[in-house]
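Subject: Structure handover and findings

Dear colleague,

I am passing on the structure below, followed by notes on what was found in it. Please read the notes with the structure open beside them.

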Amino acid sequence: MFQCNLCPRQCDAKRDETTNIGGFCGMPANPKIARADLHFWEEPCISGQNGSGTIFFSGCSLACVYCQNYEISHQNKGRVITVEQLADIMRELENKGAHNINFVNPTHYFEAIKNALKIYKPSIPLVYNSGGYDRVENIKEDIFDIYLMDLKYVSPERAEKYSLAADYFEFASSAIKAAYKQKKTVIDENGIMQSGVIVRHLVLPFGTREAMAVIDWVSENTPDAYFSLMSQYLPCGKAHEFKELNRKITKREYEKVLEHLYTKPLNNVFIQDYSSSDKKYIPDFNF
């Protein structure tokens, strides 16, 4: 059993292979997995032609009411495995031709991932795909090649209301800047990222002002990182309990954010089509 302070919540949770006492995420020390397979719906430089070798972890250190992976992040769907099995999964995904090993929502399993990598270290890039609510100390360990991190909010009020994390921007901005300082962008001859940072932002209903604030921050603080603007919001999870979230974003909302984005000197930008808000892009969690 170890005392866990991996995420910014600093729970002092007691975690062993099968239990979690007092932790916000509720997850044991051994990784709980909801899906492990080739994934083709990440940014083009991550998915490429062969797919990204994604490993979706259950549980979360955030509490986003609208989470599109709600059944695994909140309802904890998945299966507990050993770190040896996690190492085997990485090897299998690499053998399938994955461009990278993509750890989705890895924050609370940082130690388990490190232990699995001691058993087997893939020769392809390792992707740290997180909600952004991370501690700088973990980023500075420099274990991963690519950081694919959300910047969900600038406003502490919105972060608290929708994710129970008023300090979200404080930690996410610091973690992203640490990753940006650490990793230079490297793209291979096939257009696949080998090293670098991608900052993501999902536009929420009534969230144009927040999205523009995120774009301003990225432009000022991580100008050479890749920036991914997403329109795929759907009212999932408990979003129906919040009247303002119980709809897709409008085309005008998205266009307003795009107009602001085009005023910034950002060269490495991914923009989702407005039509991307479709349940068919939500993975089947059946591990």
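A disulfide is taken here as a pair of cysteine sulfur atoms within 2.5 Å, and a search of the whole structure with that cut-off finds zero disulfides. The model is a predicted one, in which local features need pLDDT of at least 70 and side-chain atom pairs count only at pLDDT 80 or more, while totals for chains, interfaces and linings use all residues. Residues are numbered from 1 along each chain as its sequence is written, and side-chain values use heavy atoms, with hydrogens and water left out.

Two cysteines deserve a note. The sulfur of Cys64 has its closest cysteine sulfur in Cys60, 6.2 Å away, which is too far for a bond. Cys64 counts as buried because its relative accessibility is 7%, and Cys45, at 4%, counts as buried too; buried means under 20% relative accessible area, exposed over 50% and partly exposed in between, with a 1.4 Å probe and protein chains only.

Next come the strands. Helices (H or I, at least four residues) and strands (E, at least two) are DSSP runs numbered from the N terminus, and two strands pair if DSSP finds at least two bridges between them. An open sheet is formed by three strands in the order β1-β2-β3, with antiparallel pairing, and its edge strands, β1 (2-4) and β3 (20-21), each pair on one side only. Strand β2 (residues 13-15) is joined to β1 by three bridges, and Phe2 has Arg15 in β2 as its bridge partner.

Strand β7 (residues 101-104) is joined by four bridges to β5 (residues 52-57), to which it runs parallel, and Ile55 is the bridge partner of Phe103 in β7. Four bridges also join β7 to β8 (residues 126-130), again in parallel, with Val104 partnered by Asn129 in β8.

Finally, helix α8 (residues 208-221) packs against helix α9 (residues 251-261) at an angle of about 20°, with the axes 10 Å apart. That angle makes α8 roughly parallel to α9, a description used for angles under 35 degrees, whereas angles over 145 count as roughly antiparallel, 65 to 115 as roughly perpendicular and the rest as oblique. Where the helices meet, with contact meaning heavy atoms within 4.5 Å, the residues of α8 include Ala211 and Ile215, and those of α9 include Val257 and Leu261.

Best wishes

Methods. Axes are lines fitted to C-alpha atoms, for helices over the stretch in contact, and angles run from 0 to 180 degrees between N-to-C directions.
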